[in-house]
Amino acid sequence: MFHHRTATLLVALAGLMLSACASGAPARPTTGRQMVRDRLAAADDAPYSAALRAVTQSGVRRLQLMEGRVNLNAPLTGRMKDTTEQYTEDVVITRQKVYRRASGTHGPWQEFPASAAKGGLPVDRLPQYVHLMLAHSATVHRESEPVRVAARLTPEDIESVDKTTARNLDPATAIDAEVWIDEEGRIARVRQVIHFASGPGIQATLTLTDFASAISVSTPVER
């Protein structure tokens with residue numbers, strides 16, 4: 001028959017043994033998707049700017065090149081140069097409007113609604129875009145940094161993140177999306193291969209570098 005003191009000692013020893021086992025056990029591995037969610041959750045939500053380079057091509061033929069600087073974690077604003085086979089234009093994006101004119105000229109700026117800044121990618125909603133990918137069976141590749149996330153989406157899927165972007169992608173049948181996320185939870189690169197029912201697909205690659213403080217962007221003046 002056990003004495004009360006003996007029983008208490010056994011319980012205490014058992015507790016110590018369990019604690020030792022728990023402390024010595026390897027940490028429960030974090031899944032790739034959860035790691036991405038953790039990075040996004042820990043990312044600084046203050047507005048910042050980044051150098052932007054966006055290339056759209058069909059096969060080896062480059063259709064468009066956009067280079068400049070944009071503000072993120074805020075309404076999309078920025079300044080850049082847009083080059084296609086037909087033209088090269090300076091572009092200024094404010095919260096209300098997009099302004100364009102031929103590079104090197106001093107004439108009037110053409111004005112467009114702010115939504116005209118959106119193409120086939122919601123640049124101002126990239127974290128939400130990644131969450132959408134995670135909700136659609138995304139694969140996470142953790143072999144190197146930044147971490148790469150890949151998923152197949154449709155325009156209907158993207159509508160939940162940005163209706164304008166989804167409308168721009170409406171002719172597509174599917175979008176193979178890849179996103180690279182750095183250790184700070186910032187999106188450093190996005191690549192989309194856009195498929196159509198007929199005709200060749202289009203590949204669009206967005207690269208964001210040189211992260212810094214947000215820049216001031218105002219309505220351009222004619223000069």
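## Ground rules

Ala, Val, Leu, Ile, Met, Phe, Trp, Tyr, Cys and Pro are counted here as nonpolar, Asp, Glu, Lys and Arg as charged, and the others, Gly among them, as polar. The model is predicted, so local features need pLDDT of at least 70 and side-chain atom pairs count only at pLDDT 80 or more, while totals for chains, interfaces and linings use all residues. Residue numbers run from 1 along each chain as its sequence is written, and side-chain values use heavy atoms, with hydrogens and water left out.

## The overall picture

The protein's secondary structure comes to five helices and 11 strands (DSSP runs numbered from the N terminus: helices are H or I with at least four residues, strands are E with at least two). Of its 223 residues, 36% count as buried (under 20% relative accessible area; exposed is over 50%, and partly exposed lies in between, with a 1.4 Å probe and protein chains only). Take the contacts in the protein with a separation of 6 or more: 47% of them are between residues 24 or more positions apart (contact means heavy atoms within 4.5 Å).

In soluble globular proteins, nonpolar side chains tend to be buried together. Here, the largest nonpolar core has 43 residues, and Val36, Tyr129, Met133 and Leu206 touch the most other members. The largest share of this core, six residues, comes from helix H3 (residues 126–134). A core of this kind is a set of buried Ala, Val, Leu, Ile, Met, Phe, Trp, Tyr and Cys residues joined through side-chain atoms within 4.5 Å.

Which residues does Met133 touch? Not counting residues up to four places away in sequence, Met133 touches Ala138, Val149, Ala150, Ala151, Leu153, Ala177, Glu178 and Val179.

Rolling a probe the size of a water molecule over the atoms shows where empty space is left. The largest pocket has a volume of about 740 Å³. It is lined by 34 residues, and Gln64, Met66, Lys118, Gly119 and Gly120 are the ones nearest its centre. Elements that give two or more residues to this lining are strands S1 (48–58), S2 (61–72), S3, S4 (88–93), S5 (97–102), S10 (187–196) and S11 (202–213). By class, the lining splits into 24 nonpolar, seven polar and three charged residues. For the record, a pocket is found on a 1 Å grid over the protein atoms alone, as an open set of points where a 1.4 Å probe fits, with protein on both sides within 12 Å along at least five of seven lines; lining residues have an atom within 4 Å of a point. Grid points are joined across faces, edges and corners, and the volume is the space filled by probe spheres set on the points.

The second largest pocket holds about 380 Å³ of space. Of the 21 residues lining that pocket, Ala43, Asp44, Tyr48, Asn73 and Arg186 are closest to its centre. H3 and S11 are the elements that give two or more residues to the lining, and H3 gives the most, with three. By class, this second lining has 12 nonpolar, three polar and six charged residues.

## Asp82, a charged residue inside

Is Asp82 buried or exposed? Asp82 is buried, with a relative accessible area of 1%, and lies in strand S3 (residues 77–84). Its side chain makes polar contacts with the side chains of Gln64 at 2.9 Å and Tyr87 at 3.5 Å (a pair of N or O atoms within 3.5 Å; within protein, one must be able to donate a hydrogen and the other to accept it, and residues adjacent in sequence count only if both atoms are side-chain atoms). Leaving aside neighbours within four places in sequence, Asp82 is in contact with Gln64, Leu65, Met66, Tyr87, Thr88, Glu89, Val91 and Arg100.

Ser137 has a positive phi of about 55° although it is not a glycine. Ser137 lies in the loop between H3 and strand S7 (139–141) and is exposed, at 56% relative accessible area. Asp210, in strand S11, also has a positive phi, about 50°, without being a glycine; at 51% relative accessibility, Asp210 counts as exposed.

The peptide bond from Glu145 to Pro146 is cis, with omega near -10°. Pro146 is found in the loop between S7 and strand S8 (147–153). Lys163, in helix H5 (residues 163–168), is exposed, with a relative accessible area of 57%. Lys163 and Pro122 are 41 residues apart in sequence and 9.3 Å apart in space, C-alpha to C-alpha.
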